[in-house]
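Here is a short briefing on helix packing. Keep the structure open while reading.

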Amino acid sequence: MLTGFIIMLLAALFCAVYFSLKMKEVSEADTGTYEVYDRHYVFITDNAEQKFWNEVYAAVKEEGERSNAYVERLGENLNVNYQTEDLLRIAINSSVDGIIFCGEDNEETVERINEAVRKDIMVVSLRQDIENSDRQCFVGVNSYDLGLEYGKQILEIMDSGQMQETELSISEDGTVLEQRETDRQRPPKICILEDDSMPDSKQNLITLAIQDSFSEARPGEENLPDIEIKRIDSSEAFSAEEAIRDIFIDSENLPDIMVCLNSVYTECTYQAAVDYNRVGEVKILGYYTTDAILDAVEKQIIYSTMQVDTQEIGRQCMKALTEYYESGYTSAYIPISTRVIGREEARELLQEAEVENGDG
């Protein structure tokens with residue numbers, strides 16, 4: 001019995017020593033993986049335009065690392081699809097240092113942002129301003145300038161002689177005898193595709209700027225293009241695609257020029273133009289520069305698109321956050337520049353991408 005007791009005691013002692021050594025190894029390994037940051041920021045966006053926001057987040061995160069700030073993409077890889085208002089509440093309860101936010105402008109959003117500011121959490125709004133909130137900074141494209149750029153592109157299309165319509169000569173039995181393209185005698189019909197969550201003020205500024213560009217280029221002319229606003233329901237995954245396809249199905253009222261104010265609408269519109277054989281008949285002015293959009297511009301399925309510098313967005317967001325915490329103030333509005341990408345520019349950008357990827 002004494003021998004058995006000694007053996008059991010030695011075994012227990014061996015296990016205790018072995019367990020202690022393993023715990024020390026794990027502790028030392030874990031210590032090497034931790035990084036300490038000065039500040040913790042969160043990046044919150046809705047579920048639309050994921051390609052665009054992925055690039056913006058990558059730029060913000062990279063810029064944050066330069067100033068020793070950790071930027072978390074809140075809501076990513078969760079089993080539950082939280083609304084942006086819920087993510088704001090989570091960020092506030094987590095006592096983060098700052099929030100970079102893009103979401104719908106509604107009463108609950110305003111209330112959550114105001115709550116964050118009261119708790120000394122800085123809020124930067126992106127893409128569309130939450131106008132009635134206490135947010136400290138808005139980083140985005142100037143709506144009026146964007147409208148002027150679209151207006152210039154529309155005038156370029158009108159002056160280039162590309163606006164044509166088909167004349168059919170039909171026999172009594174309905175047979176098409178002749179089909180020819182003629183210059184359009186009426187002003188083009190323009191349709192602007194907008195997110196239904198977009199504030200009326202932003203919509204009105206874009207439309208006003210387009211109209212102003214017409215008036216400045218053609219003073220005194222009364223026969224100006226008709227502009228229609230089509231608000232797209234963005235509440236469901238395929239609602240934009242269905243709404244845009246409905247526009248192409250209604251061939252009698254098909255617009256001559258379609259202006260897309262985000263990347264999702266741009267991709268849906270050019271795909272519908274291909275599917276319904278309307279390439280060239282409908283001129284598409286897009287937004288953003290994914291590889292697919294650039295390829296469509298290079299092939300002239302899309303006439304031109306607006307390039308938004310996602311790296312600049314990232315730099316300006318982090319600049320605003322850093323300025324605020326170092327000095328107590330920052331700019332209330334930081335504009336982001338845009339660039340018109342036509343066929344030649346799209347070809348150059350695609351070639352540059354091929355070289356970077358080692359394909360050229």
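Helix 8 crosses helix 9 with left-handed geometry. The contact draws on Ser263, Thr266, Glu267 and Tyr270 from helix 8. Helix 9 supplies Ala292, Ile293 and Ala296. The model is a predicted one.

**Helix 8 with helix 9**

- Helix 8 covers residues 263–275, and helix 9 covers residues 291–298.
- Their axes lie 10 Å apart, and the packing angle is about 45 degrees.
- That angle makes helix 8 oblique to helix 9, because angles of 65 to 115 degrees count as roughly perpendicular, those under 35 as roughly parallel, those over 145 as roughly antiparallel, and the rest as oblique.
- By residue class, the contact of helix 8 with helix 9 holds 4 nonpolar, 2 polar and 1 charged.

**Helix 3 with helix 4**

- Helix 3 spans residues 84–93, and helix 4 spans residues 107–118.
- These two helices pack at about 15 degrees, with axes 9 Å apart.
- Helix 3 and helix 4 are therefore roughly parallel to each other, since the cut-off for that label is an angle under 35 degrees.
- Helix 3 and helix 4 also make a left-handed crossing.

**Residues between helix 3 and helix 4**

- From helix 3, the contact takes in Glu85, Leu88, Arg89 and Ile92.
- They meet Glu108, Thr109, Arg112, Ile113, Glu115 and Ala116 of helix 4.
- The contact of helix 3 with helix 4 splits into 5 charged, 4 nonpolar and 1 polar.

Note on methods: Residues numbered from 1 in each chain as written. Predicted model: local features only at pLDDT ≥ 70, side-chain atom pairs only at ≥ 80, totals over all residues. Heavy atoms only, no water. Axes fitted to C-alpha atoms, helices over the stretch in contact; angles between N-to-C directions. Helix = DSSP H or I, 4+ residues; strand = E, 2+ residues; numbered from the N terminus. Left-handed = near helix turned anticlockwise from the far one by under 90°. Contact = heavy atoms within 4.5 Å. Nonpolar A, V, L, I, M, F, W, Y, C, P; charged D, E, K, R; others polar.
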